[in-house]
Amino acid sequence: YKLALPDTYPMHSIYEVGGIVRWRRNKRRRGNQVEYLVRWAGLGPEDDTWQTAADLRNAPEILRAY
């Protein structure tokens, strides 16, 4: 799966999602929004990032599988 990141990200615009490691509720975001810790394909745990379901809209199968 490939994920298009917002233009504000200071990196390449497309990354491949390797999988979801875990989830959390971010109380600092409006409505205690759920975030997912994403492991990027070809990268290690040190490069994992927290993403919202909206960020992962191009990878619905990964969200369902998790």
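Entry 1: terms and model. I take buried to mean under 20% relative accessible area, exposed to mean over 50%, and partly exposed to mean in between. I note that the model is predicted. With these cut-offs I looked up Tyr66, which is partly exposed because its relative accessible area is 41%.

Entry 2: the chain as a whole. I listed one helix and four strands in the protein chain. Read from the N terminus, the elements follow the order β-β-β-β-α. The protein chain has 66 residues, and 30% of them count as buried. I recorded an accessible surface of about 4700 Å² for the protein chain, with 49% of this belonging to carbon and sulfur atoms.

Entry 3: the nonpolar core. Which residues make up the largest nonpolar core? I found nine residues in it: Tyr15, Val17, Ile20, Tyr36, Val38, Trp40, Leu56, Ala59 and Ile62. The elements that contribute two or more residues to this core are β2 (14-26) and β3 (33-40).

I then looked up Ile62, one of the core residues. Ile62 is placed in helix α1. Its relative accessibility is 12%, so Ile62 counts as buried. Ile62 and Ile20 stand 42 residues apart in sequence, and I read a C-alpha to C-alpha distance of 7.4 Å between them.

Entry 4: the aromatic pair. How many aromatic pairs does the count come to? I recorded one aromatic pair. The pair is formed by the rings of Tyr36 and Tyr66, whose centres are 6.3 Å apart; because their planes meet at 85°, the pair is edge-to-face. I placed Tyr36 in strand β3 and Tyr66 in the segment after α1 (60-65), so the pair ties together parts 30 residues apart in sequence.

Is Tyr36 buried or exposed? I found Tyr36 to be buried, because its relative accessible area is 17%. Tyr66, at 41%, is partly exposed. Tyr36 is also one of the residues of the largest nonpolar core.

Entry 5: a charge over a ring. I looked up Arg24 and found its charged end over the ring of Trp50, at 4.0 Å from the ring centre.

Entry 6: Asn26. I placed Asn26 in strand β2. Why does Asn26 count as buried? The relative accessible area of Asn26 is 9%, so this residue falls in the buried class. I found that the side chains of Asn26 and Glu35 are joined by a polar contact of 3.2 Å. With neighbours within four places in sequence left aside, the contacts of Asn26 are Asn32, Gln33 and Glu35.

Entry 7: Glu16. Glu16 also lies in strand β2. I read a relative accessibility of 41% for Glu16, so it counts as partly exposed. Glu16 and Lys2 are 14 residues apart along the chain, and their C-alpha atoms are separated by 4.3 Å.

Entry 8: Thr49. Where is Thr49 found? I located Thr49 in strand β4, which covers residues 49-52. Thr49 counts as partly exposed because its relative accessibility is 25%. Not counting residues up to four places away in sequence, I found that Thr49 touches Tyr36, Leu37, Val38 and Trp40. Of these, Tyr36, Val38 and Trp40 are listed in the largest nonpolar core. I also noted a polar contact of 2.9 Å between the side chains of Thr49 and Trp40. For Thr49 and Val21, 28 residues apart along the chain, I read a C-alpha separation of 9.9 Å.

Conventions. Residues numbered from 1 in each chain as written. Predicted model: local features only at pLDDT ≥ 70, side-chain atom pairs only at ≥ 80, totals over all residues. Heavy atoms only, no water. Core = buried A, V, L, I, M, F, W, Y, C linked by side-chain atoms within 4.5 Å. Buried < 20%, exposed > 50% of the residue type's maximum accessible area, 1.4 Å probe, protein only. Polar contact = N/O pair within 3.5 Å; in protein donor to acceptor, adjacent residues only side chain to side chain. Contact = heavy atoms within 4.5 Å. Areas by Shrake-Rupley, 256 points an atom, 1.4 Å probe, with all protein chains shown as cover. Phe/Tyr/Trp six-rings, centres within 6.5 Å; stacked < 30°, edge-to-face > 60°. Lys NZ or Arg CZ within 6 Å of the ring centre and 35° of its normal.
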